[in-house]
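Reader: I have a structure open and would like to go through it with you. Could we start with the ligand and then move on to a strand residue?

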Amino acid sequence: MIKQEDFFKKITSHAKEYGFIFQSSEIYEGLSAVYDYGQNGVELKNNIRSYWWKAMVQFHDNIVGIDAAIFMHPTTWKASGHVDAFSDPLIDNKDSKKRYRADVLVEDYLAKIEDKINKEVEKARKRFGESFDEQQFLTTNPRVLEYVNQTDDIKKRLYGAMESSDMVAFKQLIEDLAIVCPISGTRNWTEVRHFNLMFSTQMGSTADGASEVYLRPETAQGIFVNYLNVQKTGRMKIPFGIAQTGKAFRNEIVARQFIFRMREFEQMEMQFFVRPGEELNWFEHWKKERMKWHLSMGIPATKYRFHDHEKLAHYANAAADIEFEFPFGFKELEGIHSRTDFDLGAHQKYSGKKLQYFDPELNESYVPYVVETSIGLDRMFLAMLSNSYKEEKLEDGTERVVLMLPPVLAPVKAAILPLVAKDGLPEKARQIMDSLKFDFNCQYEEKDSIGKRYRRQDAIGTPFCLTVDHQTIEDNTVTIRDRDTMKQERIDVNLLHEIIAKKIRPDYQL
Ligand code: GAP
């Protein structure tokens, strides 16, 4: 068993070694929480985006896509609430000079209590053996109950401080819990203050009267401000959706865990416009539909779970996360939010333009309600990478590292390998590659032994290796090797297209 921390290190170094992810501006020591995608990474990322787009836009008659600009009129962010409320509570330790998110300090403290509860459970499980009833233990053991009460009390104070944006209450909570700085070990804290997460810059020259603009912190607002354009020009009838993928920027304070939390990242979002009063049914619908998409790629269901939000943002009347089991535990991968008419209502107010829908069945106009699905592309990348990384001991005593990526996402679908680089085999291999490369990303490789070439393809997750040998010239057959089973079969070259196409098609139906 590899330790979780070591496992995560292995994934990050594998991602670099095989051209998936590089630290941004690495030759200048890098830029914190910003990453570049390499030659294989960009293919994997494109494939995730494309599969999401197919499932959302191509599969649904009533969902269309757009590509809005990153820069938007600054009032957009006033209306959306980001100027006033998109901030984190920050606190500095005066001795270590380290800056922390106050809520994260408290959450880390809560996690320690959770650990203590888990340890009590494990101890009791050992003591009672087969007859152990975990539920009963959790609800009756006095020590556990004390921990649970403590947790409830802290959560109440934490959510209260967050909800009312009460920085004094935050500081008091940190003091009452006697939280120390993990670096200096002291409690010498500054006051807690707001820190807005939006990056801003100047648009236009100063002489022209430059104005402050923001790099969008979410793609959703580009959809809201285009709601009427799309509805009218596309003659869309409610219920309908608008989807978009694109970059978002957040000046994250606690930027850690590789590409899990970045300062520049990509989102894939869809806003679904519905009749007021029907939003909670659609919310349930999209929760199911999005989970179906995740499971269609063959990842075990145990890797996913829903987390329903207890504490709702002021604009939402329901919210849930789809969490994935990353190497550092279950964490948010995607959010599904019932956002009411908050966004369209606010843009209507700030712009003075009516953003309504005339519903011919009801014979009335209203501001539609919105259910949103929002997934981080980079986070999905990390989920797929960490889930697919396997180290295997083979029968002959050697080892291999293989990325068992869902075939639809694999950067290279087939590697075409002439057994030797002579006797007309390279030419035949090129011919086969030419017949496949418009539809599938293929890679031609003739260097090194066939075994080494298989290992390289395993390490980037290529589902098929096609070996061209002397028999290929005689009877137009190749050996096709399956990445996961390593089984080889001899098949006719004319069947390759069909076999690859079948393998990479996920089992997704509406
Ligand atoms: N429009 C709604 C919205 O932006 P969010 O929960 O803030 O909601 C949605 O973000 C998704 O975007 C998250 O579930 C996560 O996958 C991704 N995400 C958010 N912040 C991120 C960051 N700093 N780095 C990478 N992905 C991030």
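Reader: Which polar backbone atom is 2.9 Å from an oxygen atom of the ligand?

Author: Bearing in mind that this is a predicted model, the backbone atom belongs to Leu 333, and it is 2.9 Å from that oxygen atom of the ligand.

Reader: And how much of the ligand's accessible area does the protein cover?

Author: On its own the ligand has 550 Å² of accessible area, of which the protein covers 91%.

Reader: What about the nitrogen side of things, which side chains are 2.9 Å away there?

Author: An N or O atom in the side chain of Glu 252 is 2.9 Å from a nitrogen atom of the ligand, and a polar side-chain atom of Glu 372 also lies 2.9 Å from a ligand nitrogen atom.

Reader: Which residues come nearest, out of the whole shell?

Author: There are 20 residues around the ligand, and those that come nearest are Glu 218, Met 262, Glu 269, Glu 332 and Leu 333.

Reader: Which strand gives the most to it?

Author: That is β13, with six residues; β10 (264-274), β13 (329-340) and β16 (369-376) each supply at least two.

Reader: Switching topic, is Thr 479 buried or exposed?

Author: Thr 479, which lies in strand β22 (residues 477-482), counts as buried because its relative accessibility is 15%, under the 20% cut-off.

Reader: What does Thr 479 touch, leaving out residues up to four places away in sequence?

Author: With those left out, Thr 479 touches Cys 465, Leu 466 and Thr 467, as well as Gln 488, Glu 489 and Arg 490.

Definitions and conventions:
Residues are numbered from 1 along each chain as its sequence is written. This is a predicted model: local features need pLDDT of at least 70, side-chain atom pairs count only at pLDDT 80 or more; totals for chains, interfaces and linings use all residues. Side-chain values use heavy atoms; hydrogens and water are left out. A residue is near a molecule or strand if one of its heavy atoms lies within 4 Å of it. A polar contact is a pair of N or O atoms within 3.5 Å; within protein, one must be able to donate a hydrogen and the other to accept it, and residues adjacent in sequence count only if both atoms are side-chain atoms. Accessible areas come from the Shrake-Rupley method with a 1.4 Å probe; for residues, only the protein chains shown count as cover. Helices (H or I, at least four residues) and strands (E, at least two) are DSSP runs, numbered from the N terminus. Buried means under 20% relative accessible area, exposed over 50%, partly exposed in between (1.4 Å probe, protein chains only). Contact means heavy atoms within 4.5 Å.
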